[in-house]
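Visitor: Hi! Could you walk me through this one?
Guide: Happy to; here it is.

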Amino acid sequence: MSLAAVDRDLPFRVVDILGDDAISARLLEMGVVPGTTVTVIGAAMAGDPIELDVRNYRLTIRRREAERVLVEPARE
Amino acid sequence: MTSIPALSTSTLTVALVGNPNTGKSTIFNALTGLHQHVGNYPGVTVEKRTGRFEQGGRRVQLIDLPGTYSLAARSADEWVAVDVLTERSNIGRIDVIVVIVDANNLERNLFLFTQVAELGRPIVAAVNMIDLAERNGIAIDWNLLTERLGIPVVPLQANKGRGLRELKEAIVQDRAAPDLDTSGFFPAPVRDSVQRIASELDGSTPSQARFLARRLLFDPSTVLAQHFPQHPGLPDAVQEERQRLVAAGFKLSSLESLSRYAWIERFLQGIVRRPAQRVVTISDRIDAVLTHRLWGTLIFATVILLMFQAVFAWSQPLIGWIETGFSAVQSWLTIWLPAGALQSLIVQGVLGGISGVLVFLPQILILFFFIALLEDCGYLARAAYLMDRLMSRVGLSGKSFIPLLSSFACAIPGVMATRIIENPRDRLVTILVAPLMSCSARLPVYTLLIAAFVPKSKFLGGWLTLQGLTLFALYLIGIVVAAGVAILLKLTLLRGETPPFVMELPEYKTPSWRQVLRRMSERGWAFVRRAGTLIVSVSILIWAATYFPRTMDAPVPPPANTSAAVANTGAVPAIDPTHLNSEGDEAAAAAAQIRNSYLGRSARTIEPLVRPLGWDWKIAAAVIASFPAREIFVAALGVLYSLGEDQNEESETLRERLQNAKFDGTDRPIYTLPTALSLLVFFALCAQCFSTLVVIGRETNSWRWPVFTFVYMTSLAYLAALVVYQVGTRL
C-alpha cells in the first residue's frame, strides 16, 4: 500500500520508493529509505500536504509524493 | 624577510557546509562579524557568501555554501557546492571543511557528513543546538563520537555564542582527514565502477576523483557533458558503468541512500540515547495548534494579514518622512544653487532619483524584518506547508506564497523575498509574475481615474459601489493573469519535472533579534547598493528627456511640495518660470516645455500607436515619464494639464481638467469611460517600474529576465487596453 492511503498515528515500514527522478532522490536522501519506520501525524487544509514523523524529525510531503512510498504495517 | 610570505601562506580557506535549519548562517555571521562579502557564483543563481576572521595569528577565509541535505549534483546550481569542495572552482584549495550538524538529528545530518568525509580533506564537525537536544532528552556520548569520527568535534549553542571560540581554535589547529572506513559503504561491484570512472578524471586527487565518480554514477546529471568538457569520453564511460550495475541487479536510485543510512545506523549505536517513550516536545505542542487544519489556517491568515498590513501601512509615515526630507533639501538647494541646467540636474535629476530609491527602503526593511523573524523561529516552513495546496494549482509550491503576497505592497521586496524558494525554476516563475500583483504604487493612478470616470452607481442598498467593484476587478485581473502566466511558463519556457516539495519542519526556537535585524539591514543595503545606481541613472535620463531641448531660457523652478507620492523622482519637468507673474503662466510654460521636450516629441511620435487605446500624446508622455516609477504618472498629468506638478490623486482640479480635456483641435473629449478603463487595465498589467526590473536583473543574475518581463507585461497590457477600449467604445 502507499503512504498516501494509510491511517494517521500508526507506524509503517517503508518497502520501496517508486521512480528515479528528483522526487524519489529527495525522499531517499531525507532518510525515507526501505526499512525506515514512518508515521503520518498530520495534514494541511484539504488533506494535502501531509506531515510525517521519520527518523525523529518532521517531514512534510505532498500526497502525490506519498503515493510513491510503498509501506507495510510495522510492528514495534 | 619571511614575514610577508609567511602571512600569506598562513591564510586558510575553510568551507562551511550543513543541512538547512542547522543554524549555519548564525555560525557564519558569528565567526566573520562584519567581514563578509555577498555575491553570485558565475552563471547560476546561487549566492556566494564569503567572510574572514583571524585566530591565533592565522587568517581564515570562510566560504558559506548553500544549506543542503546532500551533495547530489543533478543541476548546474547543485554542482556549485561540489565544484567548490572538490577544488574545481576559482576559489581553489580548500584547507578545512566545517560540517555543521544538528544535535537533535545526528542520523539525518550525518548523511551529508559521510559524503563530505569522502573528499579526503580535513574536517571539523560542529554539532549545534545542543541545548535543544538536551531539552528533548537526547544524550550524546561526545567522547565516543569524537573517537569514532577521528576528527575534532565541537559542541555548539551558536545563538548564545557558546562553543564558537572552540570552533575557531579547532579550525586553525593541526588537522587530519577523518579516518572513517568508508570502503564499507558500498558493495564491491559499485566500488569497482567508481574506480573505473575515477581513472578517467585526471587532475584531481584520488579521493576527489572517486568523489566525483560517485556523483556521476549516482546522480543522473543533465549537465554532465558541459561540466567536464576536457573529458569527452566521460558520459559514455558513466553510462557503461551504470548499465553494468543495473545488469548486476543494483537499483542505482536508492543504492547510495540505503548504503549510507545503514552505515549511519551502525555508527550511531551507543553514541545517541533517546528517551524510550517519544517525548512530546514544546515544538510538538505548538504545532498541534499552528499546523492544525482549522486553527493553524486561521492563525496563519492572522499572521499574514498583520505582516501585509505592516508592509502596506506602517511604511507610509516613513516614506512620508523621506519625501519631506528630500523636498526640504531640494528647496534649500534651489535657493542656494545658481539657477540653470546644473541646478535642475542636481535638484530634480540626482536628488529626485536618490529619493526615488530610498522610498522603497521602508517596505523592504519591514517585510524582511517579518520574513527573518518567521524564518528564524521556524514558522516560515509551516506557512509554506499550509499554503502549498493553493499554490500547487498554478504549478508553484507553498514557498511562493509570501513573496507573491508581499508584491501587493511592492514587487521589489516581493522579488527579493523569492530567495526563500530553493527550486530555481519555481523561484524564477515567482519572480516573473510578482510584478503583476497590484502594488501600492498603482493605487494613486487607480484612485484618480476611478473617481473621475467610473459612475458612482450603488448596488445592494449602497453596500457595493461600481467604483469599489472596479478597484476590486483591477486587483483580480493581476491575480488571474499571474496565475495564467505562471501555468504557461511552467508548460513552455520553464518546463521540467515537478520539483519535490519534501520539506523539513524544523523545531521552533526563540528568534535571535540580532540575526533578524542583521538579515533585515543586509537586504536593505543590498537593494540600495546593487540597484540604487541604475535607478538613479534612469531617473536622470528621464529628467534630461523632459528638460531638453529648452523651450525658453528660464531659471529653474523650486521643487514642488509633493504631496503626491514620490512625485519628485525627477520625471517631472523642470521648468521654471519663477520670473513669470502668475501661477497660471508658470504652469502653461511647464506644459509648453514638456510638449517640446524630447519626451513630448517622442510621445507625439508614438501617438498613432496609442490612439487605438483611446489615448492622446499627453497620456503617452505621462506613461513614458512614469517608467522610473508608476506613481509619477499622476504628477506628470498635472504638469501636462498645466496645473503644476503638485497634483495628487485626490485633487479636484486635476480630476475636472481631465474630464474636460479634448483631443487637440477638436471637441471630442479624450477621457471617456472606455479610455479610463483602458488606461486602468494598462496600469494593472504593465511593467512601468524600472526599479522592479533592476531588482529582477539582480536577483536572476541576468539581463534576459528583466527584458523578458518588460516585453511580456507591456505586450499584455497593450493588448488588454486595446481590447477594453475597442469593445468599450462599441457597446
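This is a predicted model: local features need pLDDT of at least 70, side-chain atom pairs count only at pLDDT 80 or more; totals for chains, interfaces and linings use all residues.

Visitor: How many helices and strands are in chain B?
Guide: Chain B has 32 helices and twelve strands, taken as DSSP runs (H or I, at least four residues, for helices; E, at least two, for strands) numbered from the N terminus. Its C-alpha trace spans about 90 × 70 × 55 Å along the principal axes.

Visitor: What share of chain B is buried?
Guide: Of its 731 residues, 48% are buried, meaning 20 or more other C-beta atoms lie within 10 Å of the residue's own, with C-beta atoms placed from the backbone.

Visitor: Nice. How many residues of chain B are in contact with chain A?
Guide: 29 residues of chain B are in contact with 32 residues of chain A; contact means C-beta atoms, placed from the backbone, within 7 Å. Helix H12 (252-268) of chain B is among the elements giving two or more residues to that side, and H12(B) gives the most, with five residues.

Visitor: Which strand of chain A pairs with E12(B)?
Guide: Strand E4 (residues 57-61) of chain A does, in the antiparallel sense over three bridges; pairing takes at least two DSSP bridges between two strands. A:Leu59 stands opposite B:Glu504 in E12(B).

Visitor: In what order do the strands of that open sheet run?
Guide: The six strands go E5(A)-E1(A)-E2(A)-E3(A)-E4(A)-E12(B), with antiparallel pairing. Strand E5 (69-73) of chain A and E12 of chain B each have a single partner strand, so one side of each is left without a neighbour in the sheet.

Visitor: Switching topic: how do the axes of H8(B) and H11(B) cross?
Guide: The axes of helix H8 (residues 188-200) and helix H11 (residues 234-247) of chain B come within 10 Å and cross at roughly 175°. Axes are lines fitted to C-alpha atoms, for helices over the stretch in contact, with angles from 0 to 180 degrees between N-to-C directions. H8(B) and H11(B) are therefore roughly antiparallel, a label for angles over 145 degrees.

Visitor: Which residues make that contact?
Guide: Among them are B:Val190 and B:Ile197 of H8(B), and B:Leu234 and B:Val238 of H11(B).

Notes. Residues are numbered from 1 along each chain as its sequence is written. Chains are lettered from A and ligands numbered from 1 in the order in which they are written. A residue is buried if 20 or more other C-beta atoms lie within 10 Å of its own, exposed if 12 or fewer, and partly exposed in between; C-beta atoms are placed from the backbone. Two residues are in contact if their C-beta atoms, placed from the backbone, lie within 7 Å. Angles under 35 degrees count as roughly parallel, over 145 as roughly antiparallel, 65 to 115 as roughly perpendicular and the rest as oblique.
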